[in-house]
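Subject: Structure for you to look at

Hello,

Here is the structure I promised to pass on. Please open it first, then read my notes below with the view beside you.

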There are 2 protein chains.
Amino acid sequence: MGTSEERHAEPATRDRLLAAAAELIREHGYAGTSLQMIADRLGFRKGAIYHHFRARDEILAALIGPVLDGLAEIVTDAEAQPSVTARAERMISGYAELAADNRAMVSILRGDPAVLEFIRGQPQWSGLVNRQMTLLAAAHPGPGGRVRAAMVLAGMSAAADPAVQNPPGIDLSAELAQAARQLLGLRTPTPN
Amino acid sequence: MGTSEERHAEPATRDRLLAAAAELIREHGYAGTSLQMIADRLGFRKGAIYHHFRARDEILAALIGPVLDGLAEIVTDAEAQPSVTARAERMISGYAELAADNRAMVSILRGDPAVLEFIRGQPQWSGLVNRQMTLLAAAHPGPGGRVRAAMVLAGMSAAADPAVQNPPGIDLSAELAQAARQLLGLRTPTPN
């Protein structure tokens with residue numbers, strides 16, 4: 001079996017590597033997570049990781065990339081809406097769903113300074129935070145607009161963290177969106 | 001001059017060390033900040049740091065300790081209030097003021113996993129997050145109480161981050177408290 005085939009032959013191992021990396025990053029931060037620690041957690045030799053990822057940043061990109069690409073779609077779609085209110089509403093409902101569907105990942109994206117540093121270096125993702133802030137702050141005129149926007153974004157991410165113990169059966173996405181609307185003074189949209 | 005005197009003789013140097021450490025931790029995370037990096041930023045030899053701090057954790061404790069001690073006072077005072085509403089209101093107004101007065105520090109405390117790991121190991125501070133969550137969630141009955149409480153805490157910290165560009169002259173503490181009250185459905189208290 002050639003090297004190239006080996007790289008793609010074991011999706012289960014690749015997934016286990018990503019899951020172990022996500023766990024360690026949540027515990028120790030990205031800067032505090034080494035390839036050696038990931039290998040140790042799985043009982044692998046460190047060299048085994050290189051069959052799947054060439055570098056630590058490649059693991060991080062594989063973890064957070066899909067969520068950030070999803071976020072970029074939501075932001076672009078929100079920006080295309082016809083009014084301030086519709087833009088903020090699209091941003092809120094999209095982000096609430098994304099956060100509820102990717103609870104562990106948004107908690108990594110939320111506050112880890114080393115992860116944010118990595119994102120700032122990636123042109124396709126680096127502008128996303130400002131674009132979201134602009135969409136949300138516009139919906140709350142007055143000096144407190146950016147305070148509200150920052151609270152919406154950081155608040156939804158933090159409230160989606162798996163460490164927050166919610167009652168069973170809660171509709172997390174709906175709760176997040178409803179709280180965000182209240183912060184910005186938006187009405188709950190009627191279903192169409 | 002003896003060693004003990006040397007340790008206390010240069011408050012300016014100690015403050016410069018702490019300021020450089022805070023900057024680096026905000027940029028790279030605590031796990032990504034070494035004593036060598038702190039020394040390099042100030043043009044010191046690494047050994048010079050040991051006149052002031054015996055270990056990296058001592059620098060972190062000196063940075064976040066005063067804020068966490070202030071937070072512990074607020075939480076204890078809030079818990080002593082006579083009603084659910086008064087407890088949440090005391091928590092909100094106290095935290096809003098603390099965050100507005102310590103903007104860079106609350107942003108370090110908010111999301112850096114390595115900092116949170118350090119705090120979990122310190123018995124005098126480790127219970128603070130849960131105590132705050134309990135005080136705030138009680139003010140919003142129903143399944144979304146913990147979502148709201150998490151949004152209040154993480155949201156106020158994030159909105160106080162110096163990176164959030166607010167208009168000049170904004171009363172940050174008042175804006176934070178007002179947004180938090182709205183999230184929990186609390187009335188603005190009348191001044192006494």
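H5 and H8 of chain B are roughly perpendicular to each other, because their packing angle of about 80° falls within the range of 65 to 115 degrees. Keep in mind that this is a predicted model.

To find the pair, look in chain B for helix H5 at residues 56-79 and helix H8 at residues 113-120. Their axes are 11 Å apart.

Which residues make the contact? From H5(B) come B:Asp57, B:Leu60, B:Ala61, B:Ile64 and B:Leu68. From H8(B) come B:Val115, B:Phe118 and B:Ile119. Seven of the residues in this contact are nonpolar, none is polar and one is charged.

Next, the rings. In chain B, B:Arg56 lies over the face of B:Tyr30. The distance to the ring centre is 4.0 Å. Chain A has A:Arg56 over the face of A:Tyr30, at 4.0 Å from the ring centre. What about rings pairing with rings? The count of aromatic pairs over all chains is zero.

Now chain A as a whole. How many helices and strands does chain A have? There are twelve helices and zero strands. The C-alpha atoms of chain A fill a box of roughly 60 × 40 × 35 Å along the principal axes.

Chain A is also divided into two parts: domain 1 (3-54) and domain 2 (64-184). Taken over C-alpha atoms, the centres of these domains of chain A are 28 Å apart. The two do touch: six residues of domain 1 are in contact with nine residues of domain 2.

Best wishes

Definitions and conventions
Residues numbered from 1 in each chain as written. Chains lettered and ligands numbered in written order. Predicted model: local features only at pLDDT ≥ 70, side-chain atom pairs only at ≥ 80, totals over all residues. Heavy atoms only, no water. Phe/Tyr/Trp six-rings, centres within 6.5 Å; stacked < 30°, edge-to-face > 60°. Lys NZ or Arg CZ within 6 Å of the ring centre and 35° of its normal. Axes fitted to C-alpha atoms, helices over the stretch in contact; angles between N-to-C directions. Helix = DSSP H or I, 4+ residues; strand = E, 2+ residues; numbered from the N terminus. Parallel < 35°, antiparallel > 145°, perpendicular 65-115°, else oblique. Contact = heavy atoms within 4.5 Å. Nonpolar A, V, L, I, M, F, W, Y, C, P; charged D, E, K, R; others polar. Domains from an automatic or database assignment.
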